[in-house]
Amino acid sequence: MQLTQNTLQTLAQDRPLVTNELIEPNDYYGHATLIKKYAGYANDYQTKTAIEHGVYYHQGGFDVEYRAPLPAIMCPSPQRYDALREVTNKALFAIGPLINYSPSHLTGEARSDEERRLQKNLLVFPAHSTHWIHTKFDIQTLCRTLENLGKEFDTIRICLGWKDVLRGAATEYLQHGFECVTAGHMFDPEFLPRLRGLIETATVTCSNQIGTHIGYCIALGKPHFLIDMKIDLTADTAEFREEIERGLAELHKVPPELYTAFSEVRDDISTSQQEVIARYWGLPERRTPTELRTLLQVAEDMYQRGPEFFMSDNDFQAEQALEYLSTNRAALALSLLTQYRPHAAGQGHRNVLRVCDIPVASYPRSGNTWMRFLLADLIQQLHGIETSTILPIDQERIVPNLHDEKIPGVDARIRLPYRLVKTHELFNPTPAKTIYLFRQAEDSLCSHYYFHLRYDGLKEAAAAGIDAFCLQHLADWCAHLNSYIAAKNTEGAEVLFLSYEAMSADAALALQSVCAFLNLPATDRQIARAVENHSFQKHRRAEEDKGNVGKIYANHFFRTGCVGSGEQELSRETLQQIRSEADRVYREAVQLQPDFGQVPALSVS
């Protein structure tokens, strides 16, 4: 339906924000209202999580949101998760584009009628103003560009921001024969339903500035391109001129890949566009009503424990997960643990696991590298490649590391129906099956401590000594293992549990179970060769000749490899505390692995 000037003014008229949310920005554009309705909560419920109302590309953001006295933040993407993880220890829930949780104003026959009226049409999003900051660009130049493009379209619609409608911007566009539409005021709870209807009836979309609308268009399956224009910002007061300077600085932080991906006029969505939008808008992160309801419940439970709990520097997410597990609420524990990654795991670039991947997962220093060597050796043998301790194809090209800045491609000579990927993240439900390696807590944590001592960039985190370091990371260890246990016991996830202790006792038998899990047709002879090639002693000797091996050997990656070494390195009090918290979790995991015989004793003599 074509909007009149009066209708535009009515939709855009200034209005107060009506909300009962604990922080008002939660209901900008009606976000909290829509999320509560989608999750089945009453509209008068106060969510206990901040809801980011825009897309940010770096650590900063809207202070009111990420500094709010609430235990959690809902953000769009894993990339944003990682940026926030470096500045906050709040629970972080990546939920994808918020427009996914909105109904559309146009459905059924009304939508069909509008699509027939518009035919092939272009929906344009000019850079928009806000309450106190105004955008300035050459509207006539934009209109001439659109007129040239318009030869390909039956209709061109200009989607104006509410403030620009009130400033009279529609007049210039109407003079060029374009339609003007708006999603309404940012305090209007119907903003997103109206915006969704506008996008869904578009054939192609475009804009002259990077903004949240781009991700929304791609999320709803509508192609998008950028028109390159100079955008200026102005304000009436000094206070907001300072905000403009900050805003311009934010624009300069927009990743160049976004401009590159949308620089071409096209009527389809390219693979590179899908990838970049998935990275920053979190397209795969859409939650079901049940999942979203569970996240709101988790935030509520943490909030009820008081600010001394969730505003502390403690690892309160791991503590909350353990609380759920101790009270037989495994589903809530799993929902929290699958969202949660400790600070170290959340730093830097984040790669994404795919459905066809099989993660080789573990808490750090639990046998993951050893298993990668064994698998890389065995897979090369199965491809007719002769192997030794120094592999012809580096293990990074057969079982790449998810935490590397850029994952190397699997070597072209290797043909498998899946990709094996090393990860130290908590359980991820995306892959169909997972190998999980675990190790006695005291041995894993002590090894992790010495690993920190070997690298200048990590030494500071271990400065308090081995006992303090191990106790500090104990909750992380428990949370990590619990995430995989809960996934298998509660969700029926296909996880192969394998302990370092079982591998040390009989590596060939352990590798046989992995081969069966991966459908690798390895012979006993091939398994024996892989085990012989990658004994601890051979790799430790290889470390002495760094000129002949890759980065894995730098700074003595392989230390002792002993089972029970933690008992010799920790004080009796520390050992008792670790075992009192970790024993039950470790034994539960042992019960889930194939039968490898007796479980190592855990007692302080």
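This is a predicted model: local features need pLDDT of at least 70, side-chain atom pairs count only at pLDDT 80 or more; totals for chains, interfaces and linings use all residues.

Biologist: How are helix 14 and helix 17 oriented where their axes come within 10 Å?

Modeller: The axes of helix 14 (residues 289-304) and helix 17 (residues 330-337) cross at roughly 95°. Angles of 65 to 115 degrees count as roughly perpendicular. Helix 14 is therefore, relative to helix 17, roughly perpendicular.

Biologist: Which residues of helix 17 make the contact with helix 14?

Modeller: By class, this contact has four nonpolar, three polar and one charged residues. Helix 14 contributes Thr294, Leu295, Gln297, Val298 and Asp301. From helix 17 come Leu332, Ser335 and Leu336.

Biologist: Which element supplies the largest share of the largest nonpolar core?

Modeller: That core has 84 residues, and Phe93, Leu146, Tyr173 and Leu195 touch the most other members. Its largest share, six residues, comes from helix 14.

Biologist: What is the geometry of the aromatic pair Phe309 and Phe316?

Modeller: Both residues are buried. Their ring centres are 5.6 Å apart and their planes lie at 65°. Planes over 60 degrees apart count as edge-to-face, so the pair of Phe309 and Phe316 is edge-to-face.

Biologist: How many residues apart in sequence are the parts tied together by Tyr436 and Phe497?

Modeller: Tyr436 and Phe497 form an edge-to-face pair, 5.8 Å centre to centre with 70° between the planes. Tyr436 is buried at a relative accessible area of 1%, and Phe497 is buried at 0%. Because Tyr436 lies in strand 13 (residues 433-438) and Phe497 in strand 14 (residues 494-499), the pair ties together parts whose separation in sequence is 61 residues.

Terms used. Residues are numbered from 1 along each chain as its sequence is written. Side-chain values use heavy atoms; hydrogens and water are left out. Axes are lines fitted to C-alpha atoms, for helices over the stretch in contact, and angles run from 0 to 180 degrees between N-to-C directions. Helices (H or I, at least four residues) and strands (E, at least two) are DSSP runs, numbered from the N terminus. Angles under 35 degrees count as roughly parallel, over 145 as roughly antiparallel, 65 to 115 as roughly perpendicular and the rest as oblique. Contact means heavy atoms within 4.5 Å. Ala, Val, Leu, Ile, Met, Phe, Trp, Tyr, Cys and Pro count as nonpolar, Asp, Glu, Lys and Arg as charged, and the others, Gly among them, as polar. A nonpolar core is a set of buried Ala, Val, Leu, Ile, Met, Phe, Trp, Tyr and Cys residues joined through side-chain atoms within 4.5 Å. Buried means under 20% relative accessible area, exposed over 50%, partly exposed in between (1.4 Å probe, protein chains only). Rings of Phe, Tyr and Trp (its six-membered ring) pair if their centres lie within 6.5 Å; planes under 30 degrees apart count as stacked, over 60 as edge-to-face and the rest as tilted.
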